[in-house]
Amino acid sequence: MSEKKVPGVWEGFKAFLMRGNVVDLAVAVVIGAAFTNIVNSVVKGVINPLVGAFGTKDLDHYSSCLKSPCEVNAAGEVSKGIPIMWGTVLSAVLSFLITAAVVYFLMVLPMAKYLARVAARRAEKEGTQEVLEVSELEVLKEIRDALVAQRGSGHDER
């Protein structure tokens with residue numbers, strides 16, 4: 001009577017963690033968080049002041065009042081009215097666009113070009129292999145035809 005050992009919870013957890021994609025995902029999340037800080041700093045330190053040159057100094061201060069009039073107290077809190085903080089949304093959209101552009105142009109596009117080159121090389125090698133196989137097949141057919149021709153001529157002489 002052989003009893004199969006059922007893996008324990010700890011062994012299953014270790015196997016899960018040792019899978020390559022889990023580790024890769026963890027690294028991607030950490031790098032993504034660090035990259036997000038860089039992009040947010042660029043937006044707040046460079047983009048917002050550039051846009052703010054045409055109005056307030058920070059995009060976060062752009063707003064409209066849904067229910068007029070909006071009154072702000074000394075602490076900077078809205079005491080009357082309903083403000084729509086569209087500058088904050090615009091800042092988040094700019095952060096997203098910059099992040100997406102950097103990811104696309106510095107990561108996705110180069111990787112796609114690299115994979116296309118690898119696929120082209122592989123196809124070229126396979127094409128060369130097929131040409132070699134076809135030429136070998138042609139040579140073998142010629143040898144066969146020559147042998148058949150020799151046998152045919154040998155039978156005529158007897």
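**Exercise 1. Find how exposed Arg144 is in this predicted model, and identify its charged partner.**

Step 1. Start with the surface of Arg144: its relative accessible area is 47%. Exposed would require over 50%, and buried would require under 20%. Arg144 therefore counts as partly exposed.

Step 2. Now look for the partner. The side chain of Arg144 forms a salt bridge with that of Asp145, with 3.1 Å from N to O. The cut-off for such a pair is 4 Å, so this one qualifies.

Step 3. Searching the whole structure turns up one salt bridge. As a general idea, side chains of opposite charge can pair when their charged atoms come close.

**Exercise 2. Decide whether Ser91 is buried or exposed, and list what it touches.**

Step 1. Locate the residue: Ser91 belongs to helix H3.

Step 2. Read its accessibility. Ser91 has 6%, and buried means under 20%, so Ser91 is buried.

Step 3. Look at its contacts. Leaving aside residues up to four places away in sequence, Ser91 touches Val43, Asn48, Leu59 and Asp60.

**Exercise 3. Work out where Arg121 sits and which residues share its patch of positive charge.**

Step 1. Find the element: helix H3 covers residues 86-157, and Arg121 lies in it.

Step 2. Check the surface. Arg121 has 52% relative accessibility, which is over 50%, so Arg121 counts as exposed.

Step 3. On the surface, Arg121 gathers with Lys113, Arg117, Arg122 and Lys125 in a patch of positive charge.

Definitions and conventions: Residues numbered from 1 in each chain as written. Predicted model: local features only at pLDDT ≥ 70, side-chain atom pairs only at ≥ 80, totals over all residues. Heavy atoms only, no water. Patch = residues over 30% accessible without salt bridge, like charges linked within 9 Å, V, L, I, M, F, W, Y side chains within 5 Å. Areas by Shrake-Rupley, 256 points an atom, 1.4 Å probe, with all protein chains shown as cover. Lys, Arg positive; Asp, Glu negative; His and termini not counted. Charge placed at Lys NZ, Arg CZ, Asp CG, Glu CD. Helix = DSSP H or I, 4+ residues; strand = E, 2+ residues; numbered from the N terminus. Buried < 20%, exposed > 50% of the residue type's maximum accessible area, 1.4 Å probe, protein only. Contact = heavy atoms within 4.5 Å.
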